[in-house]
Amino acid sequence: MGSIDKRNRLDEEVFTYRVTKDNKVFISYMGRQVTSLAGKEADKFLSRISGVDFKTAQLAMAKVTGNFKRGNEKDSKRE
């Protein structure tokens, strides 16, 4: 995993997830929701993430969210 996480960002808890009663999964990055999974995708994610260590879980969530940060995100503050 050394070549995947060169800046050691996955050592921190940057990704979190929560599961609803109807088995939907919401994945957040730094407290903001970035994606949601339902149905077979949610089941596949939950089976992949169960029983793995912290860093592997962070990597799995990073892969599921995809490349959502491109540098063109705007701040919520208006000037």
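A nonpolar core, as I use the term today, is a set of buried Ala, Val, Leu, Ile, Met, Phe, Trp, Tyr and Cys residues joined through side-chain atoms within 4.5 Å. Buried means under 20% relative accessible area, exposed means over 50%, and partly exposed is in between, with a 1.4 Å probe and protein chains only.

Now the source of the model. This is a predicted model, where local features need pLDDT of at least 70 and side-chain atom pairs count only at pLDDT 80 or more, while totals for chains, interfaces and linings use all residues. Residues are numbered from 1 along each chain as its sequence is written, and side-chain values use heavy atoms, with hydrogens and water left out.

The overall layout comes next. The chain has 2 helices and 3 strands, in the order β-β-β-α-α from the N terminus. Helices (H or I, at least four residues) and strands (E, at least two) are DSSP runs, numbered from the N terminus. Of the 79 residues in the chain, 25% are buried. The accessible surface comes to about 6,200 Å², and carbon and sulfur atoms account for 45% of that. These areas come from the Shrake-Rupley method with a 1.4 Å probe; for residues, only the protein chains shown count as cover. A contact means heavy atoms within 4.5 Å. Taking contacts between residues at least 6 apart in sequence, 44% join residues at least 24 apart.

On to the strands. Two strands pair if DSSP finds at least two bridges between them. E1 and E2 run antiparallel and are joined by 5 bridges. Arg 18 stands opposite Phe 26 in E2. The hairpin of E1 and E2 has 5 residues between the strands, and Asn 23 there takes a positive phi near 65°.

E2 also pairs with strand E3, residues 32-37, in the antiparallel sense over 5 bridges. Val 25 stands opposite Leu 37 in E3, and the bridge partner of Ile 27 in E3 is Thr 35. This second hairpin has 2 residues between E2 and E3, with Met 30 in the turn at a positive phi of about 55°.

How many of the residues of E2 are buried? The count is 5 of the 5, so E2 is largely enclosed by the rest of the structure. Both faces are covered: Val 25, Ile 27 and Tyr 29 are buried on one side, Phe 26 and Ser 28 on the other.

Back to the core. The largest nonpolar core has 11 residues: Val 14, Phe 15, Val 25, Ile 27, Tyr 29, Leu 37, Ala 42, Phe 45, Ile 49, Ala 57 and Met 61. E2, H1 and H2 each supply at least two residues of this core. In soluble globular proteins, nonpolar side chains tend to be buried together. Val 14, in the segment before E1, is buried with a relative accessible area of 3%. Val 14 and Met 30 are 16 residues apart in sequence, and their C-alpha atoms are 5.2 Å apart.

Next, the aromatic rings. Rings of Phe, Tyr and Trp (its six-membered ring) pair if their centres lie within 6.5 Å; planes under 30 degrees apart count as stacked, over 60 as edge-to-face and the rest as tilted. By this rule there are 2 aromatic pairs. The ring centres of Phe 15 and Tyr 29 are 5.2 Å apart and the planes are at 55°, so this pair is tilted. The pair links distant parts of the chain, 14 residues apart, with Phe 15 in strand E1 (residues 15-19) and Tyr 29 in strand E2 (residues 25-29). Both Phe 15 and Tyr 29 are buried.

For Tyr 17 and Phe 45 the centres are 5.5 Å apart and the planes are at 85°, so this pair is edge-to-face. Tyr 17 is in strand E1 and Phe 45 is in helix H1 (residues 40-49), 28 residues apart. Phe 45 is buried, with a relative accessible area of 2%, whereas Tyr 17 is partly exposed at 37%.

What does Tyr 17 touch, not counting residues up to four places away in sequence? The list is Val 25, Phe 26, Ile 27, Phe 45, Leu 46, Ile 49 and Met 61.

Gln 58, in helix H2 (residues 54-65), is buried with a relative accessible area of 2%. A polar atom of the Gln 58 side chain lies 2.8 Å from the backbone oxygen of Phe 15.

How values were computed:
A polar contact is a pair of N or O atoms within 3.5 Å; within protein, one must be able to donate a hydrogen and the other to accept it, and residues adjacent in sequence count only if both atoms are side-chain atoms.
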